[in-house]
Amino acid sequence: MATRKVIAICQSGGEFVTDKDGSLSYNGGDAYAIDIDQQTSLSDFKSEVAEMFNCNVSTMIIKYFLPGNKRTLITVSKDKDLQRMVSFVGDANTVDVFVMSEEGVARNNNSNMPGSRSSRTTVSEGVVPVIAPIDVIVDAVQCMDQVEVDVANEVPARSICSGANDDNHRKAVQQWENTITGVGQRFNSFSEFREALHKYSIAHGFAYKYKKNDSHRVTVKCKSQGCPWRIYASRLSTTQLICIKKMHYNHTCEGSAVKAGYRATRGWVGSIIKEKLKDSPNYKPKDIADDIKREYGIQLNYSQAWRAKEIAREQLQGSYKEAYTQLPFFCEKIKETNPGSFATFTTKEDSSFHRLFVSFHASISGFQLGCRPLIFLDRTPLNSKYQGELLAATAVDGNDGIFPVAFAVVDTETEDNWCWFLQELKLAISTSEQITFVADFQNGLKKSLSDIFEKCYHSYCLRHLAEKLNKDLKGQFSHEARRFMINDFYAAAYAPKLETFERSIENIKGISPEAYDWVIQSEPEHWANAFFNGARYNFLSSNFGQQFYSWVSEAHELPITQMIDALRGKMMETIYTRRVESNQWMTKLTPSKEELLQKETLVAHSLQVLFSQGSTFEVRGESVDIVDIDNWDCSCKGWQLTGVPCCHAIAVFECVGRSPYDYCSRYFTVENYRLTYAESIHPVPNVDRPPVQGESTVVVTVTPPPTKRPPGRPKMKQVESIDIIKRQLQCSKCKGLGHNRKTCKLS
């Protein structure tokens with residue numbers, strides 16, 4: 001006897017709607033017919049369904065209604081369930097089968113849906129097809145004017161259960177229930193009409209779809225099947241106004257009482273949160289979702305809230321893409337408002353952005369007149385829409401404060417980009433002094449510095465060296481062993497004398513001869529105080545400019561022109577503040593150097609000075625040191641390393657009646673400090689206004705770089721190595737850590 005076949009009408013992509021009698025009906029989506037019988041296996045059935053709907057078998061869930069019962073969905077989870085479904089059909093030749101995903105069912109169950117049935121009117125299934133639905137921004141004029149869109153195709157945001165409807169929607173109803181009043185109502189544009197319609201649908205709780213949607217007319221109807229509600233609007237003749245011409249006011253789907261599963265596009269949410277984001281730039285996506293749920297009864301997931309925040313930020317700050325087109329005008333404005341400044345950019349062959357260099361005249365003048373010839377080179381990633389890197393050259397003022405000299409935005413950190421940045425930097429600062437650079441030795445910096453600044457000193461950044469050493473040692477030694485070696489490495493770098501340096505690296509050799517060889521081959525003459533010939537003033541790491549990088553982290557999500565202008569504003573404010581503060585100083589040295597000199601003076605009182613020939617003196621205390629006051633030299637090396645006389649030199653000055661202030665570096669005087677901040681950075685007005693094109697204007701087109709932000713939440717802070725152990729004090733007497741010889745308890 002032949003097995004009777006049943007036609008399974010497989011449906012996916014639609015949504016369940018609760019009717020007045022409590023029964024469920026399925027609206028929308030696609031449908032395919034498949035022949036099944038008692039011999040059909042569930043795996044074969046799912047495979048055929050997956051092929052038709054282009055979906056994933058592993059996450060697929062099959063459900064159906066029992067005959068005569070449209071209130072409860074039955075799940076098919078094994079072959080026997082499929083056979084029962086065929087048996088239950090009886091004499092009927094067809095059976096309705098609903099294809100869902102595990103995610104969609106979980107979402108429905110989270111909404112108090114008994115037996116897969118929701119207490120809400122409309123339940124989006126989150127169906128399994130891999131192809132993503134179209135996301136529609138209702139308030140974007142361009143999109144809505146050019147394309148006919150069914151609002152139901154938007155990525156849905158779940159509405160809450162109807163039991164909490166009155167409280168949660170009170171704000172939406174109060175604000176928006178009368179945004180659409182009826183025939184004769186006028187709007188300035190179709191965009192304004194669509195925005196009003198969207199709010200009206202939220203306040204009255206129904207979903208809608210566009211039947212006609214173009215630049216001349218808009219026809220909208222209620223999405224609920226059979227509901228007569230509809231509205232028609234078009235342009236008034238001889239005007240640009242939009243007028244509602246026809247409107248059927250009544251819903252047979254019971255309007256707000258039914259709650260027809262309205263959607264909240266990210267564009268709409270963006271317009272709602274825009275004002276709050278302006279007042280609270282750190283408005284978190286989680287807080288956005290909580291506020292929207294509480295005030296409007298719409299539940300957003302994290303991704304929807306994050307994207308809404310991005311849209312709101314762009315509405316407030318302007319387009320990221322447009323900012324690149326403004327770069328030529330922006331650079332000209334910088335040079336116009338701050339004469340003597342450098343602002344240059346380059347593009348690639350396809351006109352896409354390549355790199356931008358900025359150095360303000362106040363920064364150049366301050367470095368040349370008041371700062372030590374010491375520059376720190378470092379970089380920080382930009383997590384904006386188009387990514388990139390910020391390269392920076394920072395100096396140090398007389399009070400050990402950060403002084404930004406120049407910076408550049410580049411597409412990626414490469415040897416070529418560093419070389420270009422250094423060439424632009426040399427043109428900007430144009431000094432004949434020998435400059436000491438504290439920078440990484442990788443990424444082509446070693447070669448570029450020696451080629452471009454021929455007579456400079458290159459101090460390898462101690463942090464980068466320590467990270468590389470720690471990385472190379474990882475896996476070979478325990479964390480404790482690496483900690484000791486890193487500590488000894490830092491001690492070797494800071495050691496002022498050769499014997500102290502050798503003692504520290506011998507400690508490393510005692511743990512690992514391989515690590516000792518690594519240290520010897522790492523060119524200690526470029527990083528160890530005992531060998532380095534340049535003047536670093538005891539600054540051994542290139543991350544000195546952390547304050548500047550914190551400014552970058554606050555502004556890096558802005559469009560490029562606004563980010564540069566935000567940094568300009570920070571620098572302008574800092575220069576003004578420090579100039580005003582320095583006018584109150586009554587000492588000869590800056591506060592930090594005055595404090596250091598007083599500390600050394602206190603120690604000098606306990607030292608014994610023995611006169612020798614000429615300008616050389618012997619000073620006795622815990623150790624015996626030789627001081628040559630004419631050559632500003634002491635055998636302890638403290639004077640040379642810091643630029644401030646050490647306690648041994650001060651003891652000599654007191655004996656011979658000289659002032660230690662006369663032997664301090666000129667860079668530490670208040671007079672020199674005021675020269676650093678004598679010039680001001682001026683505002684750059686109308687940064688968002690495009691240039692006015694004249695007959696002689698050469699238009700340079702700049703487009704965004706091809707790199708874009710990768711998926712996932714961006715890292716908001718620069719990642720530091722977790723294994724680097726910072727330098728600790730080591731006592732030369734007891735060899736203990738955390739104190740020095742002067743404070744040792746054994747003394």
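## Close-up views of a predicted model

View 1. The side chains of Arg568 and Asp565 meet in a salt bridge, with 2.8 Å from N to O. This view, like those that follow, is taken from a predicted model. Both Arg568 and Asp565 belong to helix H22 (residues 560-582), where they stand 3 residues apart, or about one turn of the helix. Arg568 is buried, and Asp565 is buried as well. Side chains of opposite charge can pair when their charged atoms come close.

View 2. Lys348 forms a salt bridge with Asp411, and the closest N and O atoms of the pair are 2.9 Å apart. The pair links distant parts of the chain, 63 residues apart, since Lys348 sits in the loop between strand S16 (342-347) and strand S17 (353-359), while Asp411 sits in the loop between strand S20 (402-410) and helix H15 (415-429). Lys348 counts as partly exposed, with a relative accessibility of 34%, whereas Asp411, with a relative accessible area of 11%, is buried.

**View 3. A salt bridge between two strands.** In this view Arg379 forms a salt bridge with Glu389, the closest N and O atoms being 2.7 Å apart. Because Arg379 lies in strand S18 (residues 374-381) and Glu389 in strand S19 (residues 389-396), the pair ties together parts that are 10 residues apart in sequence. Glu389, by contrast, is buried, with a relative accessible area of 12%.

**View 4. A network of salt bridges.** Lys78, Asp81 and Arg84 are linked with one another in a network of salt bridges. For the model as a whole, the count comes to 30 salt bridges.

**View 5. The largest nonpolar core.** This core holds 99 residues, of which Leu377, Leu390, Phe407, Phe421, Leu425, Phe453 and Phe548 touch the most other members. Strand S20 contributes the largest share of this core, 8 residues. When its neighbours within four places in sequence are left aside, Phe548 is in contact with Leu390, Ala392, Thr394, Ile402, Pro404, Phe407, Leu567 and Met571. A second, separate core of 24 residues includes Leu462, Ala466, Trp518 and Ala528. In soluble globular proteins, nonpolar side chains tend to be buried together.

**View 6. Helix H23 and its two faces.** The buried residues of helix H23 are Lys593, Glu594, Leu597, Thr601 and Ala604. They cover an arc of only 100° around the axis, which means that they lie on the same side of H23. These buried residues pack against helix H25 (647-656), while the face of H23 turned away from its buried side carries the exposed residues Lys599 and Leu602. The 14 residues of H23 (residues 591-604) should span 20 Å at 1.5 Å a residue, and this agrees with the end C-alpha atoms, which are 20 Å apart.

Terms used. Residues are numbered from 1 along each chain as its sequence is written. This is a predicted model: local features need pLDDT of at least 70, side-chain atom pairs count only at pLDDT 80 or more; totals for chains, interfaces and linings use all residues. Side-chain values use heavy atoms; hydrogens and water are left out. Helices (H or I, at least four residues) and strands (E, at least two) are DSSP runs, numbered from the N terminus. The expected span of a helix is 1.5 Å times one less than its number of residues. Buried means under 20% relative accessible area, exposed over 50%, partly exposed in between (1.4 Å probe, protein chains only). The arc is that of the directions from the helix axis to the C-beta atoms. Contact means heavy atoms within 4.5 Å. A salt bridge is a side-chain nitrogen of Lys or Arg within 4 Å of a carboxyl oxygen of Asp or Glu. A nonpolar core is a set of buried Ala, Val, Leu, Ile, Met, Phe, Trp, Tyr and Cys residues joined through side-chain atoms within 4.5 Å.
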